[in-house]
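Visitor: I have a new structure on my screen. Please walk me through it, in short steps.

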Amino acid sequence: MDGFQTGLRTGHLTRASEPVQRILMPRLTNVQRRIALGMLRSGIPVRRIAREMGCSQVAIHNLRERSHATGPLGDRLRSGRPRVTSENQDQRIRLIHLRDRWRTATMTSREIIGTHGRQVNPVTIRRRLRAAGLAARRPYRGPILRPHIRRERLQWSRIHQRWTMGRWRGVLFTDESRFCLSVADGRCRVWRRRGERYADACVMERDRWGGAAVMVWAGISSTLRTELVFIQGTLTAQRYIDEVLTPHVVPLFNAHPFLHSFQQDNARPHVARVTREFLEEQDFHIMRWTPYSPDLSPIEHLWDELGRRLQQRQPQNREQLVRFLREEWEAIPQGTISNLVQSMRRRCTACINARGGHTRD
């Protein structure tokens with residue numbers, strides 16, 4: 001067979017110019033081997049045992065033959081560099097980093113003396129952590145949740161978890177957000193040589209404050225959305241009443257009787273005395289909102305979606321920024337907004353399971 005070679009592990013034919021991909025199966029532990037032998041004695045087929053153990057059928061066949069021939073189930077001695085840490089040390093490394101998630105591998109390497117009588121290399125520590133299922137990732141950045149805030153979030157979630165979907169559909173969720181021309185998300189990487197940190201080709205030039213920016217307000221419900229309201233300058237309580245509540249919120253509730261609750265966060269313009277007095281005069285319910293809870297508000301995820309769409313358009317000036325925001329806001333499907341509103345019961349459940357702590361939603 002000219003131009004072909006046989007795959008040693010898979011049994012398939014591949015071209016000589018293509019590399020043979022080796023499928024690495026996980027090594028069975030001694031406990032798994034005893035369970036597999038018990039299943040073999042019970043008459044369970046080899047194929048089913050291999051599928052449940054997550055290994056190949058060859059491994060089960062070899063295990064049966066070895067148990068009949070020699071008896072011991074442990075791995076045979078293999079040549080290679082001996083491990084510099086014992087199983088107890090591997091367990092200790094894992095526990096140290098589970099108790100202190102911010103600890104570095106370098107700090108742990110200074111405390112672990114390997115079997116060779118020297119400090120263990122940080123690379124080895126990282127390798128042991130990866131084998132234990134731990135990996136270094138950028139942390140989630142969330143608000144500070146003090147004990148009384150967690151208790152309030154938990155109480156709020158328990159109350160609103162009983163709400164039906166029909167009741168959530170009558171809530172108008174509102175919020176403000178700021179959008180800038182340039183956003184540095186920290187994910188960009190540059191390939192450079194030593195000494196090229198400040199070379200023009202390797203520098204990402206960004207405005208320190210993100211360049212031109214706009215503040216917008218909007219509201220959403222399961223079946224409708226408001227237009228984007230662009231706010232110039234600082235938003236005060238009186239401007240919030242004059243530019244947002246009076247021209248947008250009050251007419252919306254008058255025109256749509258199914259809207260029964262108005263949601264807003266605890267920003268200072270929202271909870272000021274004049275704002276509370278104005279809202280008390282209206283004929284709709286004001287939802288009490290638990291503080292420091294952006295994860296419980298579906299409109300926060302809509303801002304993220306709008307930001308991603310805006311980054312793809314790449315506006316170059318403030319006029320384009322405003323125009324692209326309006327266009328992308330109208331282009332978001334109403335089904336996406338409806339799905340976010342329908343996730344409120346799931347958000348409450350997640351907050352309850354976290355005992356008032358941070359949630360994924």
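Guide: Start with one term: a contact means heavy atoms within 4.5 Å. Helices (H or I, at least four residues) and strands (E, at least two) are DSSP runs, numbered from the N terminus. This is a predicted model, where local features need pLDDT of at least 70 and side-chain atom pairs count only at pLDDT 80 or more, while totals for chains, interfaces and linings use all residues. Residues are numbered from 1 along each chain as its sequence is written, and side-chain values use heavy atoms, with hydrogens and water left out.

Visitor: OK. Which residues in H1 meet which residues in H3?

Guide: On the H1 side they are Arg 33, Ala 36, Leu 37 and Leu 40. They meet Ile 60, Leu 63, Arg 64 and Ser 67 in H3.

Visitor: How do the residues of that contact divide into nonpolar, polar and charged?

Guide: Five are nonpolar, one is polar and two are charged. Here Ala, Val, Leu, Ile, Met, Phe, Trp, Tyr, Cys and Pro count as nonpolar, Asp, Glu, Lys and Arg as charged, and the others, Gly among them, as polar.

Visitor: At what angle do the axes of those two helices cross?

Guide: Roughly 85°. The axes of H1 (residues 30–41) and H3 (residues 57–69) come within 10 Å. So H1 is roughly perpendicular to H3. Axes are lines fitted to C-alpha atoms, for helices over the stretch in contact, and angles run from 0 to 180 degrees between N-to-C directions. Under 35 degrees is roughly parallel, over 145 roughly antiparallel, 65 to 115 roughly perpendicular, and the rest oblique.

Visitor: Let's zoom out. How many helices and strands does the chain have?

Guide: The chain has 15 helices and seven strands. It has 361 residues, and 37% of them count as buried. Buried means under 20% relative accessible area, exposed over 50%, partly exposed in between (1.4 Å probe, protein chains only). Among contacts with a separation of 6 or more, 66% join residues 24 or more positions apart.

Visitor: Now the sheet. What is the order of its strands?

Guide: The order is S5-S4-S3-S6-S7. It is an open sheet of five strands with mixed pairing. S5 and S7 (285–286) are the edge strands, since each pairs on one side only. Two strands pair if DSSP finds at least two bridges between them.

Visitor: What holds paired strands together, in general?

Guide: Strands of a sheet pair through backbone hydrogen bonds, either parallel or antiparallel.

Visitor: Do S3 and S4 run parallel or antiparallel?

Guide: Antiparallel, with eight bridges joining them. S3 covers residues 171–180. Two spots to look at: Arg 178 has Met 215 as its bridge partner in S4, and Ser 177 stands opposite Val 216.

Visitor: And which residue in S5 is the bridge partner of Val 216?

Guide: Phe 230. S4 and S5 (residues 229–231) pair antiparallel over three bridges.

Visitor: Are most residues of S4 buried or exposed?

Guide: Six of the eight residues of S4 (residues 213–220) are buried, so the rest of the structure largely encloses the strand. S3 is mostly covered too, with nine of its ten residues buried.

Visitor: Which strands does H9 touch?

Guide: H9 (residues 237–255) packs on the sheet and touches S3, S4, S5 and S6. Its direction makes about 145° with that of S6. H12 (residues 298–313) packs on the sheet as well, touching S3 and S4. The direction of H12 makes about 35° with that of S3.

Visitor: Where is Arg 355?

Guide: Arg 355 lies in the segment after H15 (344–353). Its phi is positive, about 55°, although it is not a glycine. Its relative accessibility is 54%, so it counts as exposed. Tyr 292 also has a positive phi, near 55°. Look for Tyr 292 in the loop between S7 and H12.
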